[in-house]
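Please look at the sequence and the structure below before reading on.

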Amino acid sequence: MGQTLADLPLRDDLRDQEPYGAPQLDVAVRLNVNENPYPPSEAVVADIARSVAEAARGLNRYPDREALELRRALATYLGHGLTANNVWAANGSNEVMLQILQAFGGPGRVAMSFEPTYSMYPEYARDTNTTWLTVPRSDDFTIDPERAVREIVHHKPSVVFLASPNNPTGTSLPLEVIERICAVAPGMVVVDEAYAEFRREGTPSALTLLPSYPRLVVTRTMSKAFALAGGRLGYLAADPAVVDALRIVRLPYHLSAVSQAVALAALRHADELLARVDELRARRDQTVSWLRGLGLEAIDSDANFVLFGRFEDRHAVWKGLLDRGVLIRETGPDGWLRVSIGTFEEMTAFRAALREVLAL
Ligand SMILES: *Cc1c(COP(=O)(O)O)cnc(C)c1O
């Protein structure tokens, strides 16, 4: 009774750690976790409900452990000649990436990434007792390939995480940089393409490199462009041997029959769920121009968010927006803030609030 966390025999390296993180506040305009602002249509909702009802009739049984039908559908969606054997799925790409470190990281091994980048990577490393190393990105948030090669050759990471487009900067990596890294990396190279569908015209996906690099893994998610963050479905494409490695560490029946049914139904409506992506990309580019028009810095983005700044006191700006009913994210290097791209109305509210806060 009355016990606190401090009284428990918690692992030493977990003491004083905070759980992840983005505030879930009840605010009118929520632009803080890069969700797609458009909910599914009633027609899609009805098909998802029908599929879940069908799955419910078999809920006395464990689900298909291999999620084969879903992996087949995801491979078809990705194209590039991929088949179910190249694809693995789990509860969000967060689980996929944790499984990658469970299989390829661990004590005595190193995972590496390039900061600023996704704040969850160090948590997967911590949870799997993998040593976490970061290399800074250049001032424009790109990765200097010479430096990357040097650090990889020196530290011999078992896993390299490359977010492209990167969170929180929105920066994509040229394929040449990914290839330079794959050419020297002794272990797995994970290109996290959570925002791939939002990239600008002419920005290729690392999927095209899979045939050339057997240790390359490309992760994707249905949480962002696909407007299915609540469904928790992430996946990867890689050589079939990589999938075999992940099947060793996954929990039995990790992907529920309900999750599989929801994702399959959503994939049947891919065209409709992705229909607003072009609109969001256009609004993102307009947001970048608008911010620059105010005299602020804004980073060119291939994702559905924009990093902007710089502010002497970014917390005050974040708080000022929140006080006006607009929640964005205080993340990234000091001085910067990140805003997700919402509906036209939400972005109008964001603009009005930011003008007020900055007295512009
Ligand atoms: C949002 C995001 C993900 C996706 O996480 P899910 O677990 O699939 O919801 C993965 N990587 C990055 C960089 C992200 O920003």
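Glu193 and Arg220 form a salt bridge, with 3.0 Å between the closest N and O atoms. This pair links distant parts of the chain, as the two residues are 27 residues apart. Glu193 sits in the loop between strand E6 (188-192) and strand E7 (216-221), while Arg220 belongs to strand E7. The model is a predicted one, and a search of the whole structure finds 26 salt bridges in it.

**Two domains**

How is the chain divided? Domain 1 is made up of residues 21-38 and 276-357, and domain 2 covers residues 42-270. The C-alpha centres of domain 1 and domain 2 are 26 Å apart. At the interface, 23 residues of domain 1 are in contact with 21 residues of domain 2.

The size of an interface is often given as the accessible area lost when the parts come together. Between domain 1 and domain 2, the buried area is about 1,800 Å², and carbon and sulfur atoms give 56% of this area. On the side of domain 1, Arg281, Asp302 and Phe305 supply 33% of the area buried against domain 2, which is more than any other three residues supply.

Polar and charged pairs also cross the interface. The rule finds two salt bridges between domain 1 and domain 2, and nine residue pairs in polar contact, both residues being at pLDDT 80 or more. Elsewhere in the list of salt bridges is the pair of Arg281 and Glu201, whose side chains meet at 3.8 Å, N to O.

Which elements supply at least two residues each to the side of domain 1 that touches domain 2? They are helix H10 (277-293) and strand E10 (305-309). H10 gives the most, with five residues. The residues on this side of domain 1 divide into ten nonpolar, six polar and seven charged.

**The ligand**

The ligand is surrounded by 13 residues, and the closest are Asp192, Tyr195, Thr221, Ser223 and Lys224.

| Residue | Polar atom in | Distance to a ligand oxygen atom |
|---|---|---|
| Ser93 | backbone | 2.7 Å |
| Asn94 | side chain | 2.8 Å |
| Arg232 | side chain | 2.7 Å |

Terms used
Residues are numbered from 1 along each chain as its sequence is written. This is a predicted model: local features need pLDDT of at least 70, side-chain atom pairs count only at pLDDT 80 or more; totals for chains, interfaces and linings use all residues. Side-chain values use heavy atoms; hydrogens and water are left out. Domain bounds come from an automatic or database domain assignment. Contact means heavy atoms within 4.5 Å. Buried area is the accessible area (1.4 Å probe) that two parts lose on being put together, summed over both. A salt bridge is a side-chain nitrogen of Lys or Arg within 4 Å of a carboxyl oxygen of Asp or Glu. A polar contact is a pair of N or O atoms within 3.5 Å; within protein, one must be able to donate a hydrogen and the other to accept it, and residues adjacent in sequence count only if both atoms are side-chain atoms. Helices (H or I, at least four residues) and strands (E, at least two) are DSSP runs, numbered from the N terminus. Ala, Val, Leu, Ile, Met, Phe, Trp, Tyr, Cys and Pro count as nonpolar, Asp, Glu, Lys and Arg as charged, and the others, Gly among them, as polar. A residue is near a molecule or strand if one of its heavy atoms lies within 4 Å of it.
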